[in-house]
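Please look at the sequence and the structure shown below. The report that follows describes selected local and overall features in turn.

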Amino acid sequence: MKIIALGDNVIDHYRNTGECFPGGNAVNVAVHAAMQGAEAEYMGNLGTDEFAGVITEALGRFRVSYDHCHILEGKKTKVCHYDVTDGERSFVSVSEGEEWAGPIRLEERDFYHLAGADLVACSCNAKIPEQVKALQALPPIFAYDFGEKEKYRTKEYYDQVCGNIDLAMFSCKPMEIKEFEAFCVPLHRRGVIHVLATAGGEGQLLSAGGRIIKKGIQKVVPSDTMGAGDSFLAAYLVALAGEGWQKGGLMPEEALRRALLAGEEASAGNCMRQGGFGVRSEVSPTI
């Protein structure tokens with residue numbers, strides 16, 4: 001099975017410890033998919049600074065291809081600054097500036113390459129909403145992570161990106177089932193087949209065409225929650241693909257529950273690592 005994770009790459013800088021880790025939603029998903037046994041690829045813009053080398057070295061370590069990235073000479077990698085206390089992070093600031101490599105803009109050759117995957121995973125962090133429906137028209141299964149910000153949950157954003165989405169994932173505060181059912185209505189109405197909401201230590205809610213599945217989790221004391229949602233998503237996608245998932249298909253409850261369990265186990269394991277997937281950068285940002 002081939003998964004292409006499309007979108008962002010960043011360096012996560014823990015300001016209060018001085019540590020740096022390669023990451024970004026798409027990079028994390030690609031690495032965790034490879035850790036789950038999938039053939040994985042990352043596609044996005046890469047600069048030519050030292051941090052871009054940190055990203056590609058980490059991808060290579062996990063045998064994640066990045067051959068179809070756009071390499072932008074003289075451009076730099078975005079750095080996200082956090083304070084981390086007892087495994088929980090708080091966002092401080094971001095360093096990008098005019099030299100940031102920025103979000104990828106897909107060309108005809110990119111769509112041709114993406115069409116050869118079994119599954120394409122993208123997210124709001126890719127910052128290409130105007131190209132998302134073209135991605136959904138391709139043959140692969142399409143998953144889209146809406147993240148946690150309210151600005152990606154508006155009618156206008158849904159109208160722009162929702163169509164043939166096989167899985168939409170959200171990071172949410174805990175919800176009652178009736179609240180979640182209402183949350184899913186505008187998504188299903190726009191063609192989303194499965195809607196997954198993760199709520200940290202409160203577990204997950206999943207709507208399969210309106211059929212609700214609730215799953216709790218075995219709680220752990222985290223070393224670092226960075227990348228927990230991305231590791232969950234990658235393991236969930238790989239497990240569900242192994243159950244015979246097809247584009248446009250509604251999966252049976254038993255398969256969905258097994259995939260949720262795979263995601264839970266991967267996420268719990270990743271919370272015992274530092275950073276998005278346990279790789280520390282030897283390069284530090286200039287503040």
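## Two loop residues with positive phi

Lys127 is placed in the loop between strand S9 (119-123) and helix H4 (132-136), where helices (H or I, at least four residues) and strands (E, at least two) are DSSP runs numbered from the N terminus. Although Lys127 is not a glycine, its phi is positive, at about 60°, and at 33% relative accessibility this lysine counts as partly exposed; buried means under 20% relative accessible area, exposed over 50%, and partly exposed in between (1.4 Å probe, protein chains only). Arg63 sits in the loop between helix H2 (50-61) and strand S6 (70-71). Arg63 is likewise a residue other than glycine with a positive phi, near 60°, and its relative accessibility of 77% makes it exposed.

The model is predicted, so local features need pLDDT of at least 70 and side-chain atom pairs count only at pLDDT 80 or more, whereas totals for chains, interfaces and linings use all residues. Residues are numbered from 1 along each chain as its sequence is written, and side-chain values use heavy atoms, with hydrogens and water left out.

## The eight-stranded sheet

An open sheet of eight strands has the order S4-S1-S9-S10-S11-S12-S13-S14, with mixed pairing; two strands pair if DSSP finds at least two bridges between them. Its edge strands, each pairing on one side only, are strand S4 (39-43) and strand S14 (211-215). From one strand to the next the twist averages 15°, with axes taken as lines fitted to C-alpha atoms (for helices over the stretch in contact) and angles running from 0 to 180 degrees between N-to-C directions.

Strand S13 (residues 204-208) and S14 run antiparallel and are joined by five bridges, and Ser207 stands opposite Ile212 in S14. Helix H6 (residues 177-189) packs on the sheet, touching S11, strand S12 (194-198), S13 and S14, and its direction makes about 45° with that of S13; contact means heavy atoms within 4.5 Å.

## Aromatic pairs

Rings of Phe, Tyr and Trp (its six-membered ring) pair if their centres lie within 6.5 Å, and planes under 30 degrees apart count as stacked, over 60 as edge-to-face and the rest as tilted. By this rule there are twelve aromatic pairs. Phe142 and Tyr144 are stacked, because their ring centres are 6.2 Å apart and their planes lie at 25°. Phe142, at 0% relative accessibility, is buried.

Phe146 and Phe170 form a stacked pair, with 4.6 Å centre to centre and 10° between the planes. Because Phe146 lies in strand S10 (residues 141-147) and Phe170 in strand S11 (residues 167-171), this pair ties together parts that are 24 residues apart in sequence.
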